[in-house]
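I set out to look up the fold, the cross-link and the surface of this model, and I keep my entries in that order.

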Amino acid sequence: QAQLVESGGGLVQAGGSLTLSCAASGSIFSINTMGWYRQAPGKQREWLASVTSASSTHYTDSVKGRFTISRDNAKKTAYLQMNSLKPEDTAVYYCNAEIIATSRSLANYWGRGTQVTVSS
């Protein structure tokens, strides 16, 4: 069993920056792709960015050039550096990871989310 815990959310003014972290823990053999999603009030959860175990990255168009995803495999942690934040970036941000447990079972995990609020 594994767990994901996000941190780093908060209140920031438009144009500001935040860095989110997602730490994985538990009986982990390896972690495949890690990703960030967000869900704004009244909207569906949307995918933002992903990073593979080889650190190949992918982004949705709305955050390209503003957000940067990265990971530290030794720390089992993914990061989302968010710059030039806009009020429309306000949402709960969730981490997702495909994790192979020490039992060699494969499962997809979600964190509980961290709130990001961008004021205008």
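My notes on the structure follow.

I note that this is a predicted model, in which local features need pLDDT of at least 70 and side-chain atom pairs count only at pLDDT 80 or more, while totals for chains, interfaces and linings use all residues. Residues are numbered from 1 along each chain as its sequence is written, and side-chain values use heavy atoms, with hydrogens and water left out.

Fold. I looked up the secondary structure and found zero helices and 11 strands, taken as DSSP runs (helices H or I, at least four residues; strands E, at least two) numbered from the N terminus. For the overall extent, I read that the C-alpha trace spans about 50 × 25 × 20 Å along its principal axes.

I searched the whole structure for disulfides (a pair of cysteine sulfur atoms within 2.5 Å) and found one. C22 and C95 form it, with their sulfur atoms 2.0 Å apart, and the link is left-handed, with -75 degrees about the S-S bond. Because C22 lies in strand 3 (residues 18–26) and C95 in strand 9 (residues 91–101), the pair ties together parts that are 73 residues apart in sequence. Both C22 and C95 are buried, where buried means under 20% relative accessible area, exposed over 50% and partly exposed in between, with a 1.4 Å probe and protein chains only.

Burial and contacts. I found that buried residues make up 41% of the 120 residues. Of the contacts (heavy atoms within 4.5 Å) between residues at least 6 apart in sequence, 55% join residues at least 24 apart.
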